[in-house]
Amino acid sequence: MWKAMAGRGLEVRTHPFFCVRLPYQEMPADLRTEFEGVSLTVVEGGLKHRRLVGGRPWDTTTPLARLTASFSGASRRFRTRKSDVVIGLGQKTLDALQRSGTAWRTNGTHVLIQVRRWGNPPGRAAPR
């Protein structure tokens, strides 16, 4: 990662919006524009995920794209399962997790990695 940052292949940024408790649907225009201009955003952590999907108890099989449409650009989400807010699971995966008999949603033993890909920003080639 250090080499990627030194070569401008990876840039770490922040914005005051990340310090407030608003959902991503209320993201300020300047930050929305910034997300539109990048090839990938990595979203890590349960709080950020809950802000992205509104923190509501959605049906677990609700498609990720439906609830994250307000977040522009391609993104990857990584989070250790420690809350009930889960979306985007297929029915077979959900059934298997339910049959496991564990508190998989909240006990921190499962990790959820989700990918949302949009079209490439104008003027940018597809990543190889």
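This is a short talk on one predicted protein model, from its overall layout down to a few residues.

Good morning. Let's start with the whole chain. The model is predicted, so keep that in mind throughout. The chain has 5 helices and 3 strands. Read along the sequence, they come in the order α-α-β-α-α-β-α-β. How much of the chain is buried? Of its 128 residues, 31% are buried. Now take the contacts between residues at least 6 apart in sequence. Of these, 69% join residues at least 24 apart.

Next, the largest pocket. Its space comes to about 800 Å³. There are 24 residues in the lining, and the closest to the centre are Glu11, Arg13, Leu40, Thr41 and Val42. Which element gives the most to this lining? That is strand E1, with 4 residues. E1 covers residues 41-44. Helix H2 also supplies at least two lining residues. By class, the lining holds 11 nonpolar, 6 polar and 7 charged residues. How do we look for space like this? Rolling a probe the size of a water molecule over the atoms shows where empty space is left.

Hold on to Arg13, one of the residues closest to the pocket centre. How many salt bridges does a search of the whole structure find? The count is 1. Side chains of opposite charge can pair when their charged atoms come close. Here the partners are Glu34 and Arg13, at 2.7 Å from N to O. Glu34 belongs to helix H2, while Arg13 sits in the loop between H1 and H2. They are 21 residues apart, so the pair links distant parts of the chain. Glu34 is partly exposed, because its relative accessibility is 29%, and that lies between the 20% and 50% cut-offs. Arg13 is partly exposed too, at 46%.

Stay in that loop for His15. His15 lies between helix H1, residues 2-6, and helix H2, residues 29-36. His15 has a relative accessible area of 14%, so this residue counts as buried. The cut-off for buried is under 20%. What does its side chain meet? One partner is the side chain of Asp30, in a polar contact at 3.0 Å. A polar atom of the His15 side chain also lies 3.0 Å from the backbone nitrogen of Phe17. Leave out residues up to four places away in sequence, and His15 touches Pro28, Asp30 and Leu31.

Glu26 is partly exposed, because its relative accessible area is 48%.

Now move on along the chain, to Thr60. Where does Thr60 sit? Look in the loop between helix H3, residues 46-53, and helix H4, residues 64-67. Thr60 is buried, because its relative accessible area is 6%. Its side chain makes a polar contact with the side chain of Arg105, at 2.5 Å. Beyond its neighbours within four places in sequence, Thr60 is in contact with Val86, Ile87, Gly88, Leu89, Leu94 and Arg105.

Pick Leu94 out of that list. Leu94 is part of helix H5. At 11% relative accessibility, Leu94 counts as buried. Which residues does Leu94 contact, leaving aside neighbours within four places? They are Thr60, Thr61, Trp104 and Arg105. Thr61 is 33 residues from Leu94 in sequence, yet their C-alpha atoms are 7.9 Å apart. Arg105 is in contact with Leu94, and with Thr60 as well.

Last stop, Thr102. Thr102 lies in the loop between helix H5, residues 91-99, and strand E3, residues 111-116. Setting aside neighbours within four places in sequence, Thr102 is in contact with Asn107 and His110.

That's the tour. Thank you.

Note on methods. Residues are numbered from 1 along each chain as its sequence is written. This is a predicted model: local features need pLDDT of at least 70, side-chain atom pairs count only at pLDDT 80 or more; totals for chains, interfaces and linings use all residues. Side-chain values use heavy atoms; hydrogens and water are left out. Buried means under 20% relative accessible area, exposed over 50%, partly exposed in between (1.4 Å probe, protein chains only). A polar contact is a pair of N or O atoms within 3.5 Å; within protein, one must be able to donate a hydrogen and the other to accept it, and residues adjacent in sequence count only if both atoms are side-chain atoms. Contact means heavy atoms within 4.5 Å. On a 1 Å grid over the protein atoms alone, a cavity is a set of points where a 1.4 Å probe fits but cannot get out, and a pocket is an open set with protein on both sides within 12 Å along at least five of seven lines; lining residues have an atom within 4 Å of a point. Grid points are joined across faces, edges and corners, and a volume is the space filled by probe spheres set on the points. Ala, Val, Leu, Ile, Met, Phe, Trp, Tyr, Cys and Pro count as nonpolar, Asp, Glu, Lys and Arg as charged, and the others, Gly among them, as polar. A salt bridge is a side-chain nitrogen of Lys or Arg within 4 Å of a carboxyl oxygen of Asp or Glu.
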